[in-house]
Amino acid sequence: MFAGYTYISPFLLQITGLSERSVSVMLLVFGIGAAISNWIGGRLADRHLMLTLYGALALLALTMAVFPLLGGEPVPAAVLVLIWGMAGFALVPPLNMLVLQKAGEAADLASSLNISAFNVGNALGAALGGAAIQSGLALRGAPAAGALIGVIGLATLSAAAAADRRRRMRAARE
């Protein structure tokens, strides 16, 4: 998320052609989406944890992949910014739930490490977005880099889920 979000203001100013005031409104739209989906992500995760993780991550990657293509126009940009905020923050509750489920008696340690991992991810995402911009892709490269990171995240989630299923199957046979 932060590979693109870190550079969203320059994108909206330079590519979409919005005024600084309109960029502020777009950031508010992002924040509204984030606030709403944080609650929705928690509710969905209570029912279908892994499905919520896969769905939110896939929606985030898709939104960031489409943003460089359609974000140059104000109305599609506004819709995508809302979805971007929603998808990005719908991930937080199920990720926290998954970490705490797996932590067992080390929940306090896992929770603090999880927050640290979020912060490292923010910094790495911003750095990778900056690298994409510097690579010649310009501002459109930042959300594209975020989409690629999202796809890698989906692959990592799938691998972790498969390993967990194998572990549970071995434990059930023993």
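Helices (H or I, at least four residues) and strands (E, at least two) are taken as DSSP runs and numbered from the N terminus. On this basis, the secondary structure of the protein chain comprises 8 helices and 0 strands, and the pattern read along the sequence is α-α-α-α-α-α-α-α. The model is a predicted one, in which local features need pLDDT of at least 70 and side-chain atom pairs count only at pLDDT 80 or more, whereas totals for chains, interfaces and linings use all residues. Residues are numbered from 1 along each chain as its sequence is written, and side-chain values use heavy atoms, with hydrogens and water left out.

The overall dimensions were computed from C-alpha atoms. Along the principal axes, the C-alpha atoms of the protein chain fill a box of roughly 60 × 35 × 25 Å. Of the 174 residues in the protein chain, 37% are buried, where buried means under 20% relative accessible area, exposed over 50%, and partly exposed in between (1.4 Å probe, protein chains only). The protein chain exposes about 9600 Å², of which carbon and sulfur atoms supply 68%; accessible areas come from the Shrake-Rupley method with a 1.4 Å probe, and for residues only the protein chains shown count as cover. Among contacts (heavy atoms within 4.5 Å) with a separation of 6 or more in the protein chain, residues 24 or more positions apart account for 73%.

Two packed helices are described by the angle between their axes and the distance between the axes. Helix α3 (residues 20-47) packs with helix α6 (residues 92-103) at an angle of about 45°, and their axes are 7 Å apart. The arrangement of α3 is therefore oblique to α6. Axes are lines fitted to C-alpha atoms, for helices over the stretch in contact, and angles run from 0 to 180 degrees between N-to-C directions; angles under 35 degrees count as roughly parallel, over 145 as roughly antiparallel, 65 to 115 as roughly perpendicular and the rest as oblique. In α3, Asn 38, Gly 41, Gly 42, Ala 45 and Asp 46 meet Pro 93, Pro 94 and Met 97 of α6. By class, the contact of α3 with α6 has 4 nonpolar, 3 polar and 1 charged residues. Ala, Val, Leu, Ile, Met, Phe, Trp, Tyr, Cys and Pro count as nonpolar, Asp, Glu, Lys and Arg as charged, and the others, Gly among them, as polar.

Helix α8 (residues 141-173) contains Leu 157, and Leu 154 and Gly 146 are also placed in α8. With 13% relative accessibility, Leu 157 counts as buried. Neighbours within four places in sequence aside, Leu 157 is in contact with Met 50, Leu 53 and Tyr 54. Under the corresponding exclusion, Leu 154 touches Tyr 54, Leu 57 and Ala 58. Gly 146 counts as buried at 4% relative accessibility and touches Ala 3 and Met 64, residues up to four places away in sequence not being counted. The C-alpha atoms of Gly 146 and Gly 129, 17 residues apart along the chain, are separated by 6.9 Å.

Ala 138 lies in the loop between α7 (107-137) and α8. Most residues other than glycine have a negative phi. Phi of Ala 138, however, is near 60°, a positive value in a residue other than glycine. At 42% relative accessibility, Ala 138 counts as partly exposed.
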